[in-house]
Amino acid sequence: MKKLGKFIELYGYRGLLLAIFHPITFLVTNPIRLIQTLRNCRILASGRRWRDYPHFLARPALNSLFYWTRALNLYRYGRTGKSPYLGLGEYDLSRTFHYSLPSLYLYWNAGAVLLLAGISGWWMTHFMWLGVPGIKMNWLSLIMFLVLISNSLYVNAFGKQNYNIAGWIFVPLIFYGWYTQHWILVALAALAASFGSMTVVFLLTCLSLVYSFYQGSLFPVLSMVPAGIKLFTHFWPLLLHGRMRQALSGVARAIGVAPKKAKYVRTEMVTFDIEQAYKLLLYAQFMCIYFLATNRIPVIFFTSFIIWLVNANFKRFADEQSPLMLLFSAGTFTMITSDVQSVTLLVSFWLFITPLFPFNKPLEGTHFLLLPVLKPFDVRPILTDLFEFLAPVPAKSRVLMAFDDPGNRYESVLDGYRRLLETVHYVATVNNIHFMPDWWGIFELNYEGAPDFWGRSVEEVQQNVKEWNAEYIIVYQTENEELDAKWERSGFIVLSRFSWKKYDRGFLPIKPYNKRPPHWWLLKSIS
């Protein structure tokens with residue numbers, strides 16, 4: 001009730017009325033927003049480097065550099081090698097078993113293009129159903145039009161997805177093959193998906209187990225075997241060196257599956273709030289309407305719903321966009337194959353795929369009942385300035401950045417500026433500089449009693465510089481644009497300065513941090 005009262009305070013009763021009727025208003029406004037955003041994508045055909053545009057919002061664009069850094073290290077040293085610029089140094093790259101290299105490299109070199117191509121391929125593949133008896137062209141076309149202008153497609157194309165989109169392209173083919181019992185097609189589509197995303201194959205394998213039981217046939221599971229064999233090769237370097245258990249436990253601690261043994265625990269993943277209740281209501285109403293219309297349980301959609309529910313509220317094993325994309329795909333499949341074609345079912349489906357807040361909250365700088373007009377986000381100016389910022393640091397040096405102690409809260413690690421750090425970490429890696437801390441180092445030390453990197457006071461920084469043998473240090477301030485004199489009094493000299501305030505306005509409508517834009521200083525100790 002408090003959130004409802006705050007909503008009315010912000011937007012008034014007129015805003016509440018518009019929110020109630022949002023399924024109707026989005027039918028009118030969403031096509032316009034989609035066309036406007038696609039027009040902005042023409043810059044991708046202008047001859048500029050595709051690598052400069054990793055995404056369509058600042059937050060995921062900067063976060064994309066997390067994958068750039070991993071891709072760069074894998075390109076240099078291979079999955080069997082070690083990187084001196086990840087984690088604590090000499091990072092074992094066999095731990096990268098969960099990445100499929102083709103999609104990771106594509107995302108590194110053409111992020112926005114891959115997202116557009118991926119969601120377009122996913123959408124167009126559904127028209128294979130035109131050749132199936134009982135599937136009417138008018139019904140299929142109407143469903144796919146609603147999908148095209150839905151919030152779910154918009155947010156996946158321009159807001160949430162990453163390199164995994166290369167695997168989602170093939171999911172409609174797998175559903176098609178299950179339904180039509182073309183098991184060779186399923187096997188080939190799943191194998192192709194394995195070159196795009198391990199997560200997609202894992203989720204589809206879970207679905208295939210249930211679908212096999214439902215159909216009383218082993219073929220759905222057996223058709224996933226070629227993809228499983230391909231993904232098994234990712235584990236070969238770990239098996240070769242006997243590091244399988246260590247790597248799996250590290251990933252488990254990182255994603256929160258083994259919180260009792262982890263030093264940093266996700267505390268926000270199991271809270272059932274109004275947003276989760278709203279999503280639950282949307283998904284439940286679709287299943288209920290479908291059951292009432294057909295007298296059948298939508299098995300694939302129901303199983304996808306259970307996967308989402310477990311991931312969102314109990315044990316997180318995948319980023320939120322993957323179970324949501326699975327639900328979106330399963331819901332579309334359920335509608336296409338429905339033997340009841342009614343307006344009621346269409347309305348229920350539209351409610352499911354067009355939630356009120358597709359980006360999880362009203363966006364700054366835009367009306368909450370309108371999708372934001374987006375465009376490919378150019379990271380090149382930021383990277384250029386950061387290359388200049390790190391220019392005083394010679395190759396093979398170590399740079400340590402100072403942050404507050406997060407306690408044991410995973411969400412507080414790196415003071416809420418984690419996305420900004422992906423940029424400087426990538427630049428440092430390109431320049432053969434070891435930047436600390438990074439997520440890989442944090443994961444390596446994510447166990448009770450482990451040493452850490454934390455502390456922003458002069459005394460703590462001096463201690464950490466010695467402990468981690470760092471030659472350079474980066475400190476930040478948010479209030480004062482002039483560096484506190486205590487650093488120079490304590491024997492540090494200023495080498496360069498970088499301010500995120502310069503880019504703050506360009507980050508709208510969703511900024512990559514929830515605090516003030518920080519100012520960074522690169523220091524070197526002369527004491």
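What share of the 527 residues in the protein chain is buried?

**View 1. The whole chain, to get your bearings.** Buried residues (under 20% relative accessible area, 1.4 Å probe, protein chains only) make up 55% of the protein chain. This is a predicted model, where local features need pLDDT of at least 70, side-chain atom pairs count only at pLDDT 80 or more, and totals for chains, interfaces and linings use all residues. Residues are numbered from 1 along each chain as its sequence is written, and side-chain values use heavy atoms, with hydrogens and water left out.

**View 2. Rings of F286 and F301.** Searching the whole structure turns up 52 aromatic pairs (Phe, Tyr or six-membered Trp rings with centres within 6.5 Å; planes under 30 degrees apart are stacked, over 60 edge-to-face, the rest tilted). F286 belongs to helix α15 (residues 274-294) and F301 to helix α16 (residues 299-313); helices here are DSSP runs of H or I, at least four residues, numbered from the N terminus.

**View 3. W500, F507 and their ring cluster.** W500 and F507 make a tilted pair, 6.2 Å centre to centre with 40° between the planes. W500 and F507 are buried. Ring pairs tie these two into a cluster whose members include F377, F389, F403 and Y417.

**View 4. Charges over rings.** Here NZ of Lys or CZ of Arg is within 6 Å of the ring centre and within 35 degrees of the ring normal. K230 puts its charged end over the F195 ring, 4.5 Å from the centre. R456 lies over the face of Y476, 3.9 Å from the ring centre, and Y476 is one of the cluster's members.

Definitions and conventions. Buried means under 20% relative accessible area, exposed over 50%, partly exposed in between (1.4 Å probe, protein chains only). Helices (H or I, at least four residues) and strands (E, at least two) are DSSP runs, numbered from the N terminus.
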